[in-house]
Amino acid sequence: MVMNSTLKCPPPMKATSNGVFQGDNPLQFALPLAILQICLVVVVTRSLAFVLRPLRQPRVIAEIIGGILLGPSALGRNLDYLHTVFPARSLTVLDTLANLGLLFFLFLVGLELDLKSLRRTGKRALTIAIAGISLPFTLGVGTSFVLRATISKGVNQGPFLVFMGVALSITAFPVLARILAELKLLTTDVGRIAMSAAAVNDVAAWILLALAIALSGTNSSPFISLWVLLCGCAFVLVCILVIPPVFKWMADKCPEGEHVNENYVCATLAVVLAAGFVTDSIGIHALFGAFVVGVLLPKEGAFSGALVEKVEDLVSGLFLPLYFVSNGLKTNVATIEGLQSWGLLLLVITTASVGKIVGTVVVSLLSGVDFKEALTLGVLMNTKGLVELIVLNIGKDKGVLNDQTFAIMVLMALFTTFITTPLVMAIYKPARVVEKGEYKNRTVERKKTNSQLRILTCFHSTRNIPSMINLIEASRGIRKEGLRVYAMHLMELSERSSAIRMVHKARKNGLPFWTNDRSSVSNQIVVAFEAFQQLSKVTIRPTMAISRMSNIHEDICSSAESQQAAIIILPFHKHQRLDGQLETTRYEFHYINKRVLEHAPCSVGILVDRGLGGNAHVSARNVDFIVKVLFFGGPDDIEALAYGARMSEHPGIRLAVIRFRVTSEMNNVGIDVGEDEIEQSRDEECLSEFRERMEKNERIKYDEIEVGSGREAVEVIKRQHDGRCQLLVVGRMPEGQLVAAFEGSSRNDCRELGPVGGLLTSPEFSTSVLVVQQYRTQLPESSLASLTDDDDDTN
């Protein structure tokens, strides 16, 4: 008897449901299921990135691990979960979203890759890049024979050889840039060579990938592969002829500081999609077209920045992680079983690492690079990343890589990238920059008061600029070349693709990111400082520090030391609102200030800005400030006095110094006269020199006020505060019996400002405050305690 049977395929998923109250299960419909998948992916990958942050790993590691955990290797072992959250019917939608996000991300990566800098690559970096590609490619081809004889039997030999060679020879340029920035190696010789070589490697990888895709077509005829390659070359040639002039015209229509026309942005994104369609139609992956468009777009001006700003957050934050999940769903670590499979995994990891490291080290040594630096370069060039996964996924989709080979290659990419940071940290510690001459003037207070004063002033955004410039103007005095300022823009290194643009800028400018090329400093912050430099006698060098907020204080301190700064000026972590209250700008700035205070190689000042001089630069002829120095005693107050004396040299500054003395009754109660007498003698000596030097200056006023308690001192300070004073300068940790009583009578929510500075930030005061800490080789315990005790800090 013959039985007629038909195979029923599951119906296609509809887009939206009618809701649970209508009896529909939302997880049976494409849109709500895609939303759940995206949310799950974002939560898992971001959580893993947070966990791995102390290990200083790039986010791509967390995303690869997250994809594997969500796939059949871990959670996917539970079939109920896998069929509910990632059913087979939903994978087409998931892959489409993932590849669409990846397409735009590769466009952004191409936009970050500057061909002009690639043309300027030195012979050393070029030879290192060639060696870092050729040897691992050759070893990859050799490894492919072993794999094809064991776990990859029957696959097409030609495409398999090329895919294995490409997979083992890739260096992840974006991931490498972030690792270098994280390890503070961007501006070292090692960092510069690694970035240049990786950029060359990136371009070569895409060419080899196009070749591998052309060879892996289902049609076995070599003429078809040749035709695909010729059409791909023709596509690139047409893009080279058409895209740069058209988009340069668009960029010229979008001047710096003005709104970018939305039509231009939409047209660009449409061109990216069209290029992807063309390359996919040719037989090369759609990603290749998007990458080519990104590479050829003009990098200068506001237009490219606007494109990055509008595209990257949605793409890299939501859609790109889907690609890693798509990769994880194809990766089943359980397929690697038995001694043979694990031995092949070890073989692939060893081959990939030896090929990259040995090839790079040998050529680097022949080029005159030190052995440690050569070994570091080899480890850095072994970094894998997203392009590696793209190669593997295309190979999997083309049937070149089976499940077991694919899983082995993914684990190889994960291991080699994960091990890069700890190996580099163990191998290489860059030598400190040593300036000519001894670092003498670490404080504003000095015997030779006519010597040049060097200031490193830091800022987070344009909000800090007017007051910082006005403070510099007030500090310049009247001597020619009397002041040199290094204005450092603190920028956070994030996982956004635009961070690579900052990395490029930092790498071009060099340690500590000094701005040498005027074409690279078109932003309004640098323009403001350059305009001030032209209008004043002050020498200003705009600089940039790009790092994570957790260790950006290292950049500040190393820059101050390399430039032999006498004082670092930091903005307070709170800004003034329209109602006069201080509001936290970003709490990470609070910790940056505390770490700089603890580790600075010179004196430090924190500026609590309440509109010093208004919202614009006050020219020298219009400066009319009253500055008051509150002096209690101790090194910090001496430094505050020295800074005030420096400001008093400006013809538009009137200085008032208020010396607080304790009454005789209070002075006789329980005082240890040992160290106190030494400090008092130093205070008297400094005050005596100050009065002697300034006695004929009518713009300087000196008063001594006796107080009997901390509460009484607070009342005196409140009386000194009036609408005519523009700036109060105080020491961070004054010393003496009066201050001990003063601390108990005032509540201080910002302990890094000290007792007096904390009081002056209360709502009762509305004047800008500069809190100064004098450099000492070892801060006293009381000063260190105020930087480590956070239990009473508030936002």
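Modeller: Start with burial: buried means under 20% relative accessible area, exposed over 50%, and partly exposed in between (1.4 Å probe, protein chains only). This is a predicted model, where local features need pLDDT of at least 70 and side-chain atom pairs count only at pLDDT 80 or more, while totals for chains, interfaces and linings use all residues. Residues are numbered from 1 along each chain as its sequence is written, and side-chain values use heavy atoms, with hydrogens and water left out.

Biologist: How is a pair of aromatic rings described?

Modeller: By the distance of the centres and the angle of the planes. Rings of Phe, Tyr and Trp (its six-membered ring) pair if their centres lie within 6.5 Å; planes under 30 degrees apart are stacked, over 60 edge-to-face, the rest tilted. There are 4 aromatic pairs here. In one of them, Trp 249 and Tyr 264 sit edge-to-face, 5.9 Å centre to centre with 70° between the planes.

Biologist: Are Trp 249 and Tyr 264 buried or exposed?

Modeller: Trp 249 counts as partly exposed because its relative accessibility is 47%. Tyr 264, at 15%, is buried.

Biologist: What polar contact does the side chain of Arg 659 make?

Modeller: A polar contact is a pair of N or O atoms within 3.5 Å; within protein, one must be able to donate a hydrogen and the other to accept it, and residues adjacent in sequence count only if both atoms are side-chain atoms. Arg 659 reaches the side chain of Glu 684 at 3.0 Å. Arg 659 is buried, at 6% relative accessibility.
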